[in-house]
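Work through the exercises below with the model open. Try each task before you read its solution.

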Amino acid sequence: MNAAVCADVGSTYTKAAVVDLDGGRLVAVASAPTTVGTDVLHGLDAAVAAATARAGVRGEVPWFVCSSAGGGLRLAVVGYEPLVTAQAGRRVGLSAGANVVHVAAGRLGGADLAALRAARPDVVLLVGGTDGGDAEVLTHNATRLAKARWRVPVVLAGNADVRDDLYVLLAAAKVPVTAVDNVLPRIGVLAPGAARAAIREVFLRHVIGGKKLSRGGRFARLVRAATPDAVLTGVEVLADTLGGDLVVVDVGGATTDVYSVLTPDERDSGPGREVAGTLWRARTVEGDLGMRWSAPGVVRAAVEERLLAAGEADELAAAAAVRAADPGFLPAGDADRAADRRIAALAATVAVRRHARGASTGERAGRDLRDVKLMVGSGGVLRHADAADAAGLLAAVLGDHAGGWPLPRAARAVVDVDYVLAAGGLLAADHPRAAAALLRRHLDADRHPAAATDRDAPTRHAVA
């Protein structure tokens, strides 16, 4: 068997999968607690050893690893104007798998620089001006970072007319800087590719090693992407493989992420187009919506969105507080499981509302999900639910008639039970056919109804 290992070192659990590259088939999966307190390689090696043993793999096989351990990638965006280049930069950062922790716009002053430091970014995306347009603010901000002896890596992706000069300025001040093409070369034209690639490279070169997650350099050499970046790549491959628009909602312990891939609309070039450009392949992160750390935020958001029944808020708030106080909480009975399902359904519904309305993407008209053909649910709460409960959760999102966004007209639903989106994204560059086959086999809703596993289901194993 021509096999490879795909692994995701998450904030809580490390998940490993053995993939048959010839058939694009998932052979075995295993998980182990992420050992951030000691060395993340301990948990990674344990999960991989269990998966390869169950798969009967002998000898060396290639490893493809992504990571969100230690908080993942924290990105700050510094732009020219809040509704144009700063917003464009924010969208690019989210598409690169980053948690955008700070956005600044305009000329950086002393208080702005202090706020930027306080956000503790791993990377700064420095943007501003269209090519040939205003260069004064971008030049001011680059100069300010140089004089401040800034040592956090900077990706410079602004006005091409001054890019080379500002690169020299920052590099001379010993600022770790990478210069790439402008994220907004013209008004209404968003070009995320070069900046996204540079953020990924900086994450691998500086951030993984800098988080002190492991002794030595082996872990840094193994990791190929931030987990959300790998998942978005998997979402893109799935969209290209199946054709048509799709949306993914990933309910996690701390955040709920929404990914969408839309077909570019030629009408988007008219007078009403987004000045910051449209990101046809987008991701948003809702940091106040999660199953454990952010569970109280789910209840607060549900109250604001008027999603709760009369008298439900107090009981659900108490359940959320228990989960936030103990992120390792496991439901012990029917009542606990029911609370988990309710929190998950609310988190998914609010997250998709925000994504579709444009509240999270900054798009004035929101994201048009009417032509979405496939909705994929992800996250442990969905993967471990029975088929009926998982299907009901996704049905609630697809039937959210009071949400203030136009619903998909004919969407099917499926759950990423075997966590193949990240694996497909990791394999996409080196093994594109295997990645496409893997995603089609496990997530084609024509073959698999919501929450159903593949008929060739992999062998599962958990490591204590």
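## Exercises on a sheet and its helices

**Exercise 1.** Find the residue in β7 that stands opposite Val78.

*Solution.* This is a predicted model. Start at Val78. Its opposite number in β7 is Leu126. β5 covers residues 74-79 and β7 covers residues 123-126. They run parallel, and four bridges join them.

**Exercise 2.** Give the strand order of the open sheet, then name its edge strands.

*Solution.* Step one: read across the five strands. The order is β6-β5-β7-β8-β9, and the pairing is parallel. Step two: look for strands that pair on one side only. These are β6 (99-105) and β9 (177-179). Step three: follow the twist. From one strand to the next it averages 20°.

**Exercise 3.** State which strands helix α5 touches, and give its angle to β9.

*Solution.* Locate α5 at residues 160-172. The helix packs on the sheet and touches β7, β8 (154-156) and β9. The direction of α5 makes about 170° with that of β9.

**Exercise 4.** Check the length of helix α4 against the span it should have.

*Solution.* α4 has 12 residues, 136-147. The expected span is 1.5 Å times one less than the number of residues. That should give 16 Å, and the end C-alpha atoms are 16 Å apart, so the two agree.

**Exercise 5.** Identify the buried residues of α4 and what they pack against.

*Solution.* Use the cut-off for buried: under 20% relative accessible area. Val137, Leu138, His140, Asn141, Ala142, Leu145 and Ala146 are buried. The buried residues of α4 pack against β5, α3 (110-118), β7, β8 and α5. Finish just after α4: there Arg149 takes a positive phi of about 55°.

Key: Residues numbered from 1 in each chain as written. Predicted model: local features only at pLDDT ≥ 70, side-chain atom pairs only at ≥ 80, totals over all residues. Heavy atoms only, no water. Pairing = 2+ DSSP bridges. Helix = DSSP H or I, 4+ residues; strand = E, 2+ residues; numbered from the N terminus. Axes fitted to C-alpha atoms, helices over the stretch in contact; angles between N-to-C directions. Contact = heavy atoms within 4.5 Å. Buried < 20%, exposed > 50% of the residue type's maximum accessible area, 1.4 Å probe, protein only.
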